[in-house]
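Trainee: I would like to learn how to read charged pairs and strands in a model. Can you take me through a case?

Mentor: Gladly. Here it is.

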Amino acid sequence: MTGELTDDEEATMTTTADSRPPALQPLTGPVPGYAQTLSLSPSSVAVARMSVRTTLACWDLEGMTDDVVSVVSELVTNAVQHARPAGAPPEEPGRCRLTLERPEPATVWVSVADPSRRRVVRREPDDSAESGRGLAVVDGLAARWLVQPSRTGKTVWVELRADV
């Protein structure tokens, strides 16, 4: 035993009174998709990864799982680390919204909306840095990505395509 938790074990741990992860909700519109509102707490990253795996299995896109999970992990982690309101109590850390859409058979759109208006900054960390590579990972895996500011925060949107 390594002492590390699996994604499933992490997903069952929450800081709220309700121990169930928030449900994926189907989107109504021309593009198949699911959305989920997550707390800005570290346990939400594991919940988001589980949601990606479930959604891609439903869409028969398991071959994209590693890339989409990596992107979602980075985006939700960034939201947890940088969008949580200063001084927020543990019982109300704020929320972000994860959306997964499939506009074409081999294309997945991922978006994470958070309440922070802080700019997204891609850093160039040195080799010994333990963090700061997230957006480089997103950039390397994405067909394209962008940040859309809004009056209530921002949304980071990423397009991923399967190798066909």
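Mentor: Start with two residues, Lys 154 and Asp 114: both are buried. Keep in mind that this is a predicted model.

Trainee: What do Lys 154 and Asp 114 form?

Mentor: First the general idea. Side chains of opposite charge can pair when their charged atoms come close. Now the case. Lys 154 and Asp 114 form a salt bridge, with their closest N and O atoms 3.0 Å apart. This pair links distant parts of the chain. Lys 154 sits in strand β6 (residues 153-161), Asp 114 in strand β4 (residues 107-114), and the two are 40 residues apart.

Trainee: How many salt bridges are there in the whole structure?

Mentor: A search finds four. Another of them joins the side chains of Arg 144 and Glu 159, at 3.1 Å from N to O. That pair also links distant parts of the chain. Arg 144 is in strand β5 (residues 144-150), Glu 159 is in β6, and they are 15 residues apart.

Trainee: Which residues are linked in a network of salt bridges?

Mentor: Arg 144, Glu 159 and Arg 161.

Trainee: And what about Glu 92 and Arg 95?

Mentor: Their side chains meet in a salt bridge too, at 3.8 Å from N to O. Check the surface values again. Glu 92 is partly exposed at 40%. Arg 95 is partly exposed at 39%.

Trainee: Back to β4. Why is this strand largely enclosed by the rest of the structure?

Mentor: Count its buried residues. Six of the eight residues of β4 are buried, so the strand is largely enclosed.

Trainee: Which strands pair with β4, and in what sense?

Mentor: Look for bridges between strands. Strand β3 (residues 95-104) pairs with β4 in the antiparallel sense, over six bridges. β4 and β6 also run antiparallel, joined by eight bridges.

Trainee: Which residue in β4 stands opposite Thr 99?

Mentor: Ser 111. For β6, look at Thr 107: its bridge partner there is Arg 161.

How values were computed: Residues numbered from 1 in each chain as written. Predicted model: local features only at pLDDT ≥ 70, side-chain atom pairs only at ≥ 80, totals over all residues. Heavy atoms only, no water. Buried < 20%, exposed > 50% of the residue type's maximum accessible area, 1.4 Å probe, protein only. Helix = DSSP H or I, 4+ residues; strand = E, 2+ residues; numbered from the N terminus. Pairing = 2+ DSSP bridges.
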